[in-house]
Amino acid sequence: MATARMMSAASNTSASCLPHKRPFFSLSQKVPNFNSLCFNNTTRRVSKRLFSCNSIYNPDVRIKEEGHPETLDYRVYFLDSSGKKVSPWHGIPLHLGDGAFNYVVEIPKESSAKMEVATDEQFTPIKQDTKKGKLRYYPYNINWNYGLLPQTWEDPSLANAEVEGAFGDNDPVDVVEIGERRGKIGEILKIKPLAALAMIDEGELDWKIVAISLDDPRASLVNDIDDVEKHFPGTLTAIRDWFRDYKIPDGKPANKFGLGNKAANKDYALKVIMETNESWAKLVKRSVPAGELSLV
C-alpha cells in the first residue's frame, strides 16, 4: 500500500507586489489559474506598469510524498495552504525581486537517484526518472544541490544562435546550487544566480544556472562569476566536467558546452532566465503548442 508523508517545502512569510521593469509573466491577459501565484488568480488591468513579487514573498507550500522512495510509483506533490495540489513548475513564482529567485530542489547533493519534475503528469510532481521501465541513477553522486527554476521553459522550437543553433530541451531551466547545506527533495530555496553553463545534450540546449542559496553563510561574498572563482575555487570547472562526463560510464559520448566551453557571467545568466521565463509565459497562454506537457 502506498504511503503518504507531509512536510513543509518553504517557510510562510507575508507577500507584497511592487512595480518592476520585467514581470515573471505578462499581465496583459488573465493570470493563469495557479493557486500559489501572488496575484490571487485575479485579472489585473494595468497601463504601462508591470509588477513582480517583492523578495519577502515565499510561497506557503507543503509537500506530500506518495509511494516509497526509489520505486516507480513514488511521487512528491506540492500542496498550497488549503491542501490543493499545485505545480512546482507552474504554481511557484519565479521572480522574488532584488535579484533573487525561487528554486525547487529535485536532487539533493551527495545523492545519485535521478529525480525530476514530471512535466507530462498533472500537477507535475517530482518523480524518479526511468528508462525502459527502470529507475535511473547517475553513475556517481552529484556534488551540489540540483533542481529547477519554476516558470521557465527551454522552447524546443527556438534555435539559439549564440549556442551553435541548438534548440531547447523542452524542460524548465536547471539550477546547480553550490551552497554548503544539503537540500531536500521538494524544498523551495531563495537563490541568486552567479553564472550559466550552456550544456548541449544530444544536440539539445540544456542550460545550467549556477547559483547559491541566500541562506548560505558565504552568500554575501559571491555576486558574480569572479566571486565564485575566488571563494569556491575550481567549482565552475568541476560542475562543467561533471555534467560533461556523467554519461560516459553508460557508453555514451561526453556532453558538449557552448559559449567557448566556459561559464558565462551573472548578467548572461539573468538573460537566460528572462528569456526562458518569457517562453514559459507563451507556453501557459497556449501561444505555442504544449504537446504532451502538463499546464496544470
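1. **Ground rules.** The model is predicted, so local features need pLDDT of at least 70 and side-chain atom pairs count only at pLDDT 80 or more, while totals for chains, interfaces and linings use all residues. Residues are numbered from 1 along each chain as its sequence is written, and side-chain values use heavy atoms, with hydrogens and water left out.

2. **Aromatic pairs.** A search of the whole structure gives eight aromatic pairs. Rings of Phe, Tyr and Trp (its six-membered ring) pair if their centres lie within 6.5 Å; planes under 30 degrees apart are stacked, over 60 edge-to-face, and the rest tilted. One of the pairs is Tyr-146 with Phe-243: the centres are 5.2 Å apart and the planes stand at 45°, so the pair is tilted. This pair links distant parts of the chain, with Tyr-146 in strand S15 (residues 145–149) and Phe-243 in helix H2 (residues 235–245), 97 residues apart. Helices (H or I, at least four residues) and strands (E, at least two) are DSSP runs, numbered from the N terminus.

3. **Around Phe-243.** How buried is Phe-243? Its relative accessibility is 1%, so Phe-243 counts as buried; the term means under 20% relative accessible area, with exposed over 50% and partly exposed in between (1.4 Å probe, protein chains only). The rings of Phe-243 and Tyr-246 have centres 6.2 Å apart and planes at 90°, so this pair is edge-to-face. Tyr-246 is buried as well, and Tyr-146 is buried at 6% relative accessible area. Together with Tyr-138, Tyr-140 and Trp-242, these three residues form one aromatic cluster.

4. **Charges over rings.** Two contacts deserve a look in your viewer. Lys-85 lies over the face of Tyr-77, 3.8 Å from the ring centre. The charged end of Arg-218 sits over the ring of Phe-232, at 3.9 Å from its centre. The criterion is NZ of Lys or CZ of Arg within 6 Å of the ring centre and within 35 degrees of the ring normal.

5. **Strand S15.** Five of the five residues of S15 are buried, so the strand is largely enclosed by the rest of the structure. S15 pairs in the antiparallel sense with strand S8 (residues 100–107) over three bridges; pairing requires that DSSP finds at least two bridges between the strands. Here Tyr-146 is the bridge partner of Ile-107. S15 also runs antiparallel to strand S18 (residues 173–177), joined by five bridges, with Gly-147 partnered by Val-175.

6. **Strand S20.** Nine of the ten residues of S20 are buried, and the strand is mostly covered. S20 is parallel to S17 over two bridges, where Phe-167 stands opposite Glu-204. Four bridges join S20 to S18, again with the strands running parallel; Glu-177 has Ala-211 as its partner there. With S19 the sense is antiparallel, over ten bridges, and Ile-200 is partnered by Leu-205. The hairpin of S19 and S20 has two residues between the strands, and Glu-202 takes a positive phi near 50° in it.

7. **Largest pocket.** Its volume is about 1,100 Å³. Of its 43 lining residues, the closest to the centre are Lys-114, Glu-116, Asp-129, Arg-136 and Asp-171. Among the elements giving two or more residues to the lining are S15, strand S19 (188–201) and strand S20 (204–213). On a 1 Å grid over the protein atoms alone, a pocket is an open set of points where a 1.4 Å probe fits, with protein on both sides within 12 Å along at least five of seven lines; lining residues have an atom within 4 Å of a point. The volume is the space filled by probe spheres set on the points, which are joined across faces, edges and corners. What is the make-up of the lining? It divides into 17 nonpolar, four polar and 22 charged residues, where Asp, Glu, Lys and Arg count as charged, Ala, Val, Leu, Ile, Met, Phe, Trp, Tyr, Cys and Pro as nonpolar, and the others, Gly among them, as polar.

8. **Loops.** Lys-132, in the loop between S12 and S13, has a positive phi of about 55° although it is not a glycine; Lys-132 is exposed at 81% relative accessible area. Glu-164 also has a positive phi, near 55°, and is exposed at 62%. Leu-259 and Glu-164 are 95 residues apart in sequence and 8.7 Å apart in space, C-alpha to C-alpha. Leu-259 itself is partly exposed, at 26%.
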